[in-house]
Amino acid sequence: MKNSIQRILFLLVALFSVMAATPAKSEIEYVDKSFSVKSGGSLTIESDQGSIKVETWDNQTVKVLVEKKARNQKQMDGFKVNFDQKGNDIFVEGDGDWNNKVSVKFIIKVPQEFNLDLKTGGGSIGVADISGEVTVNTSGGSISIGNVAQGNVDANTSGGNIKVGDVDGNLKVVTSGGNIRLGKINGKSSIDTSGGSITLEQGGSDVNAETSGGSIKIGPVKGKVDVDTSGGGIRIGMADDDVVANTSGGDIKVEGSKGSVNIDSSGGNLFIGSSGGYVKAETSGGSIKILQARGFIEADTSGGKIEAEMIIDDKNVDTHVNLETSGGSITLHIPEGIGANVSATLKITRSAKRDYRIYSDFPLAIKGASSSKITAKGDINDGGDKITLSTTNGDIHIKMLEE
């Protein structure tokens, strides 16, 4: 008898376990609406929740399909969808209680030339290739937008990745946490993420990009570039205007700029391929290499070698040079006809691994060759802007660059 009761209790427990593990059947409800419109109209969606997917087609019709899922009809009725049309403009409102348990999807088709203003309280947003203004906002979810012709893009998510294709107009994208990947932007680009990498294939007139943590990679840009990351490497293609780049930790590489270049890293190597103006480069630890600078050069590292090259296209341009490293060699290439006043200082400590020297292709007075401090001073071509070089435990080379 006792064994029979135990067997029954065991079977009951097993049955309840199976019932608890089996998901309740969901109810599904569809709301399907179509509106006749002309190209150039707009679709506005304001919903308390739900994912949104927009596709384009050749028809002059806006088709809205809303899918709702819930466990019962009472929950289903807790989310209502309202529609309105004014001319070629369609308005869709999704209204639900903040704690409702309804899953919502908006699946929409619009003409290829149409404007979008999409907002959801939570859910991903996807937009196919389209021609028009595109504004999307979600309180939580990823955003994916295809190529956008004849319009601007404004995309914002409180948390999620953002991906946008080519855009004819301006672009503004913001995410509170996620990676950002962008195609070719013809207008201005404003890019911001609180944590994640940023990749831009090609920039238009100006590019501003910022991340609180992640790498930044920018292709060629037709205007100014201003980028900042709290941690990660930075790579920038050829820019047609000034470049500013800052990272709290990582290498910075600038292919070139037709304007000035100002870069700073709290720890990483710095490289500049060319500049049409002055160059400022500073790192707390790493080497610095500057090629084809067409303006003054200021470079500083707490530990690493410095190599710099100056080209003079305009004799009226400021050509002063200030290179300083706490440990490493310095090599400066300057034109044969430059006018300059040179002051170079090399300190040698007791921990030096070998003898260090100052070498110059120009006639300078070099003193202290056998001491702990070697200096080189003199005027080149009757003097001019000041060249100051300073290092500890590293050779200094001043080389003539044939014009």
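Phe296 is buried, at a relative accessible area of 14% (buried is under 20% relative accessible area, exposed over 50%, partly exposed in between, with a 1.4 Å probe and protein chains only). The model is predicted: local features need pLDDT of at least 70, side-chain atom pairs count only at pLDDT 80 or more, and totals for chains, interfaces and linings use all residues. Residues are numbered from 1 along each chain as its sequence is written, and side-chain values use heavy atoms, with hydrogens and water left out.

Phe296 forms a stacked aromatic pair with Tyr278, 4.8 Å centre to centre and 0° between the planes. Rings of Phe, Tyr and Trp (its six-membered ring) pair if their centres lie within 6.5 Å; planes under 30 degrees apart are stacked, over 60 edge-to-face, and the rest tilted. Tyr278 is partly exposed, at 30% relative accessibility. Tyr278 lies in the loop between strand E27 (270-272) and strand E28 (279-283), and Phe296 in the loop between strand E29 (288-293) and strand E30 (297-301), so the pair ties together parts 18 residues apart in sequence. Strands (E, at least two residues) are DSSP runs numbered from the N terminus.

The structure holds two aromatic pairs. Phe35 and Phe83 form a tilted pair, with 6.0 Å between centres and 40° between planes. This pair links distant parts of the chain: Phe35 is in strand E1 (residues 27-36) and Phe83 in strand E5 (residues 79-86), 48 residues apart. Phe35 is buried, at 12% relative accessible area. Phe83 is partly exposed, at 22%.

Lys86 sits over Phe91, 5.9 Å from the ring centre. Lys253 sits over Phe271, at 5.8 Å. The criterion is NZ of Lys or CZ of Arg within 6 Å of the ring centre and within 35 degrees of the ring normal.

Gly94 belongs to strand E6 (residues 89-96). Gly94 is buried, with a relative accessible area of 3%. The C-alpha atoms of Gly94 and Asp48 are separated by 5.9 Å, although the residues are 46 apart along the chain. Neighbours within four places in sequence aside, Gly94 is in contact with Glu46, Ser47, Asp48, Phe79 and Lys80 (contact means heavy atoms within 4.5 Å).

Technical notes: Helices (H or I, at least four residues) and strands (E, at least two) are DSSP runs, numbered from the N terminus.
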